[in-house]
Amino acid sequence: MLCTRLTNARFLTMDPRHPVAHDLGIWRGRIVGVDEAVTSLPARRVVDLGGATVLPGFIDSHVHLAWAGLKAGAPSVAPCERIEDILAVVDAAARRPAPAGAWVEVAGYDQRALGRHLTAAELDRVSHGRKIFLMHDSGHACVVNTAVLELLPDGTPHEDGFLAESAMTAARRLRLPYSQEELADAIEKAARACLDEGVTACAEAGIGGGLLGHSPVELGAYQLLRDRGRLPLRVQLMASGDTLRPRAAHPDDGFPRSLDLGLRTGFGDDWLSLGALKIYTDGGMMARTAALTSPYEGTAGDTGRFQDEPERIAALIVDGHLAGWQLAVHAIGDRAADLALDALERAQRLRPRPDARHRVEHAGLIRPDQLPRFAALGVSAVVQPNFLRSFGDDYATVMGEGRADWMYRGRGFLDHGVELVGSSDRPVADGSPLRAIQFMVERLSLSGRSIGPDEAVTVDEALRAYTVAGARACRWEDAAGALAAGMRADLVVLGDDPHRVDPSRIGDIQVLATYVDGRDARAGR
């Protein structure tokens, strides 16, 4: 007997053997089959979906759940566009009662509307004796007051309180780690927001490290949720590259560096597992720290920056590969992509691993000559379409006419045989897969500006990026990404079919229900 049969729906299975179905059977959290295989079987519960469209649950292959949850609960200066308005928010936050020594952390900072960065001196005027930390929306920079600057190690570079990349990491390390309870609450809050958008599984893009880690025992917060039955969707965790340490393993193992006990990609279960090793090469376009081969438009030769010495970054990539990890290499600028591809090529020469499934996270600016290299190395491109939907006008301006069409590509990757994987990088950008899919098809920013129109993809190709390709990038292809017998019963019920509405309406399609493990994960909330 089936646990549940879902009927009277248009199931877009993403399974080429049976692309469209009208019935789907579920038993103990797994799909038994579709149509004739299940229609006549008895079921404890039959759910009439009223003609809705059903897809495999969306997979967001690059998120920051802890950061998203913490940001949602923090004072925010968005969308302030005047210095005095930002300072008023900081002033109010600094006046709130707090334990002795507690930092004032404020979210939503973005200098672009201001025309310049805030300064430490300006923050000092509203600090009230507290340490102030304004997190840049990109996650790659911050502004702090003098009380923080005075605690930084000698030689930490900053510009009147503005700290980017490794300098920001130095400031974050001054603060006591969040507790596992705080992190668990934040993760659950963000995960439930994912469910509301049809996301049933995601990859947390970097825990435990300096840049975006929140605790040296951060993984424990996810395990705490899992143990308490409060983890509402499936999560794959990427360990930050700087958590690897030299290990005196047997020479035959070939592990120059690893986590304690040799943990690596694949450890865990269907709900919580260890995924790729996250390695940063450069910064981001929003903070103007993505590493480019040619300068940002309108600057005096600024080409961004690497997170560390290129040789050290390349060595970490090679060591991670040798230790058996799948790698997720953050590379936004084309100069950073060169470094990533060179290192991955070297790693594969030293120890060939044809099914390593290495990924380049973001791939924000990729030159035409780099596309064949992605394909030759079997590297997937994990892109964030909503970056261009939300920030595309600014990004296109700073890249200039000659490079704007190379940003967050779609068609270019697919035509070269490169796996195109969709993600959000929430909370940096809008987390909605449907709005991202709309952008992938239209290539229009919120203002209506066309950005790289030749990189547009079909609706089917965009849906694949958030289902089949997402599952493959996370090594879940045997259990997720399609609605077929034996797969997890993770699916999203939509109010309309993305193929049948005008592309401009895809992002507005209503998410009616989100099923995880065969149950509506949003019911009863």
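Modeller: In this predicted model, helix α6 passes helix α7 in a right-handed crossing. Helix α6 covers residues 180–196 and helix α7 covers residues 219–227. Two packed helices are described by the angle between their axes and the distance between the axes. For α6 and α7, the axes come within 8 Å and cross at roughly 65°. Angles of 65 to 115 degrees count as roughly perpendicular, and therefore α6 is roughly perpendicular to α7.

The contact itself can be followed residue by residue. From α6, the residues Q180, E181, L183, A184, I187 and E188 take part. They meet G220, A221, Y222, L224 and L225 of α7. By class, the residues of this contact between α6 and α7 comprise seven nonpolar, two polar and two charged.

The empty spaces come next. Rolling a probe the size of a water molecule over the atoms shows where empty space is left. Across the whole structure, a search finds four cavities of 30 Å³ or more. The largest cavity has a volume of about 140 Å³. It is lined by 21 residues, and S138, H140, H330, I332 and D425 are the closest to its centre. Two elements, β15 and α11 (residues 385–399), each give two or more residues to the lining of the largest cavity. That lining holds 11 nonpolar, eight polar and two charged residues.

The second largest cavity has a volume of about 80 Å³. Its lining includes P56, G57 and I59, together with T200 and A201. Also in the lining of the second largest cavity are A479, A480, G481, A482 and L483, as well as R488 and D490. Sorted by class, the lining of the second largest cavity has seven nonpolar, three polar and two charged residues.

A pocket may be described in the same terms. The second largest pocket has a volume of about 510 Å³. Of the 20 residues that line the second largest pocket, G241, D242, Q307, D308 and L316 lie nearest its centre. Helix α5 (166–172), strand β15 (272–280) and helix α8 (310–322) each supply at least two residues of this pocket's lining.

How values were computed:
Residues numbered from 1 in each chain as written. Predicted model: local features only at pLDDT ≥ 70, side-chain atom pairs only at ≥ 80, totals over all residues. Heavy atoms only, no water. Axes fitted to C-alpha atoms, helices over the stretch in contact; angles between N-to-C directions. Helix = DSSP H or I, 4+ residues; strand = E, 2+ residues; numbered from the N terminus. Parallel < 35°, antiparallel > 145°, perpendicular 65-115°, else oblique. Left-handed = near helix turned anticlockwise from the far one by under 90°. Contact = heavy atoms within 4.5 Å. Nonpolar A, V, L, I, M, F, W, Y, C, P; charged D, E, K, R; others polar. 1 Å grid on protein atoms, 1.4 Å probe; cavity = no way out; pocket = protein on both sides within 12 Å on 5 of 7 lines; lining within 4 Å. Points joined across faces, edges and corners; volume = space filled by probe spheres on them.
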